[in-house]
Amino acid sequence: MSLASVPVGASAEVIGVGYKVVRSGDVAPMGFHYQVSHECRSLGAIAINLVVAPLHGEVLIKDKVGEMTFGGQSAYSACNARKITGVQVYYRSAAGYVGFDRYVVERVLSTGNAELIKVNLSVR
């Protein structure tokens, strides 16, 4: 369902779709992916594969060493602010583009388990 086809008063449907707002032309960090044990150690490399490319921009996938950021209620929150090796995903729209875009990546864990991550974007 496109946002343009949502009837007036159906804002709950729009909220359920979910999207991220990014600035046109900027390189925007979209997600830092890693796999960690309860002891705050890496469980191995994660692969991020682009499955569906955005129509109005590009997805950049780079290895990165960064801090873990689990929510306060997470059993892993004690790992926060520690460094870990992972994969950072970025999105950059085409220069001057304003509107909606989307892409899909596949995240493959060291165990072989995988999931598709669909990202909807509002480029402003």
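Patches group residues with over 30% relative accessible area and no salt bridge, joining like charges within 9 Å and nonpolar side chains (Val, Leu, Ile, Met, Phe, Trp, Tyr) within 5 Å. A salt bridge here is a side-chain nitrogen of Lys or Arg within 4 Å of a carboxyl oxygen of Asp or Glu.

The model is predicted: local features need pLDDT of at least 70, side-chain atom pairs count only at pLDDT 80 or more, and totals for chains, interfaces and linings use all residues. Residues are numbered from 1 along each chain as its sequence is written, and side-chain values use heavy atoms, with hydrogens and water left out.

**View 1. Tyr 19, Val 21 and Phe 100 make a nonpolar surface patch.** The patch covers about 300 Å². Accessible areas come from the Shrake-Rupley method with a 1.4 Å probe; for residues, only the protein chains shown count as cover. Phe 100 belongs to strand 6 (residues 99-108). Strands (E, at least two residues) and helices (H or I, at least four) are DSSP runs, numbered from the N terminus. Phe 100 is partly exposed, at 48% relative accessible area. Buried means under 20%, exposed over 50%, and partly exposed in between (1.4 Å probe, protein chains only).

**View 2. Cys 40 and Cys 79 form a disulfide.** The sulfur atoms of Cys 40 and Cys 79 are 2.1 Å apart. The S-S torsion is about -85°, so the disulfide is left-handed. The pair links distant parts of the chain, 39 residues apart. Cys 40 sits in the loop between strand 2 and strand 3, Cys 79 in the loop between strand 4 and strand 5. Both cysteines are buried.

**View 3. Cys 40 and Ala 81 have positive phi although neither is a glycine.** For Cys 40, phi is about 70°. Its relative accessible area is 13%. For Ala 81, phi is about 75°. Ala 81 lies in the loop between strand 4 (57-67) and strand 5 (83-93). Ala 81 is exposed, with a relative accessible area of 52%.

**View 4. Three strands form an open sheet in the order 2-5-4.** Pairing is antiparallel; two strands pair if DSSP finds at least two bridges between them. Strands 2 and 4 stand at the edges, each with a single partner strand, so one side of each lacks a neighbour in the sheet. The antiparallel strands 4 and 5 are joined by 11 bridges. Val 65 has Thr 85 in strand 5 as its bridge partner.

Definitions and conventions: A disulfide is a pair of cysteine sulfur atoms within 2.5 Å.
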